[in-house]
Amino acid sequence: MTVPQQPARGRRPWLAPLVLLFLVLVPVIEVWLLVSVGQRIGALATLAILVLQAILGGWLMRREGAKAWRALNESVSSGRLPGGELLDPVLIMVGGVLVMLPGFFTDIFGLVFLLPFTRPIARNLLHLFIA
């Protein structure tokens, strides 16, 4: 006698197609935005903006990463159970990579992950997908 297997707890069958769609659409949107901006302001100005965004992203990632690391160390050393301090370094690292990638669309998500006043929003949205 076979017992029908229940889906694993926490499985989201809709997540794989969503990730695939995201992986296909993001490069298309990035190229479209780069071409559109390049046609409006010129190729050199677009390139300059992309370089400045990468520099800003690296600086912001370094600054916010150091703060997040200090907060995590302080919570662990004081004996408190780290809450948001655990996820912040990951969000900062992903946000920094997104901002340093050439493109405008990924920069929006990267800044949401990097900036201290928008990071709690990203953290809450991530908890919806994880929980």
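Predicted model: local features only at pLDDT ≥ 70, side-chain atom pairs only at ≥ 80, totals over all residues.
Visitor: Which residue does Arg63 form a salt bridge with?
Guide: The partner is Glu64, and the closest N and O atoms of the two residues are 2.7 Å apart.

Visitor: Where does Glu64 lie, and what is it in contact with?
Guide: Glu64 lies in helix H2, which covers residues 43-77. If we leave aside the neighbours within four places in sequence, Glu64 is in contact with Ile92, Leu114, Pro116 and Arg119.

Visitor: How many salt bridges does a search of the whole structure find?
Guide: The search finds five salt bridges, and two of those I would look at next involve Asp88, which forms one with Arg119 and another with Arg123.

Visitor: OK, Asp88 then. Which helix is it found in, and is it buried or exposed?
Guide: Asp88 is found in helix H3, residues 84-100, and it counts as buried because its relative accessibility is 12%, which falls under the 20% limit.

Visitor: How far apart are the closest N and O atoms in the salt bridge of Asp88 with Arg119?
Guide: They are 3.7 Å apart in the salt bridge between Asp88 and Arg119. That pair links distant parts of the chain, with Asp88 in helix H3 and Arg119 in helix H5 (residues 119-130), 31 residues apart. Both Asp88 and Arg119 are buried.

Visitor: And what about the salt bridge with Arg123?
Guide: Between Arg123 and Asp88 the closest N and O atoms are 2.9 Å apart. Arg123 lies in helix H5 and Asp88 in helix H3, so this pair ties together parts that are 35 residues apart in sequence. Arg123 is buried too, with a relative accessible area of 18%. The side chains of Asp88 and Arg123 also make a polar contact, at 2.9 Å.

Visitor: What else does Asp88 touch, not counting residues up to four places away in sequence?
Guide: On that count Asp88 touches Ala68 as well as Arg119 and Arg123.

Visitor: Which residues do the salt bridges that share partners join into one network?
Guide: The network is made up of Arg63, Glu64, Lys67, Asp88, Arg119 and Arg123.

Visitor: Switching to aromatics: how many aromatic pairs are there?
Guide: The count comes to two aromatic pairs. In one of them, the rings of Phe22 and Phe109 have their centres 6.5 Å apart and their planes at 80°, so that pair is edge-to-face. It links distant parts of the chain, with Phe22 in helix H1 (residues 15-41) and Phe109 in helix H4 (residues 105-114), 87 residues apart.
Guide: Phe105 and Phe109 form an aromatic pair that is likewise edge-to-face, at 5.2 Å centre to centre and with 80° between the planes.

Visitor: How are Phe105 and Phe109 placed along helix H4?
Guide: They are four residues apart in that helix, so about one helical turn separates Phe105 from Phe109.

Visitor: How do Phe22 and Phe109 count by relative accessibility?
Guide: Phe22 counts as partly exposed at 46%, and Phe109 counts as partly exposed at 35%.

Visitor: Now helix packing. At what angle do the axes of H1 and H2 cross?
Guide: The two axes cross at roughly 125° and come within 7 Å, and H1 and H2 are therefore oblique to each other. The contact is made by Leu34, Val37, Gly38 and Ile41 of H1 together with Ala43, Ala45, Thr46, Ile49 and Leu50 of H2.

Visitor: Zooming out, how many helices and strands are in the chain, and what share of its residues count as buried?
Guide: The chain has five helices and zero strands, and of its 131 residues 25% count as buried. Among contacts between residues at least 6 apart in sequence, 60% join residues at least 24 apart.

Methods:
Residues numbered from 1 in each chain as written. Heavy atoms only, no water. Phe/Tyr/Trp six-rings, centres within 6.5 Å; stacked < 30°, edge-to-face > 60°. Helix = DSSP H or I, 4+ residues; strand = E, 2+ residues; numbered from the N terminus. Buried < 20%, exposed > 50% of the residue type's maximum accessible area, 1.4 Å probe, protein only. Contact = heavy atoms within 4.5 Å. Polar contact = N/O pair within 3.5 Å; in protein donor to acceptor, adjacent residues only side chain to side chain. Salt bridge = Lys/Arg side-chain N within 4 Å of Asp/Glu carboxyl O. Axes fitted to C-alpha atoms, helices over the stretch in contact; angles between N-to-C directions. Parallel < 35°, antiparallel > 145°, perpendicular 65-115°, else oblique.
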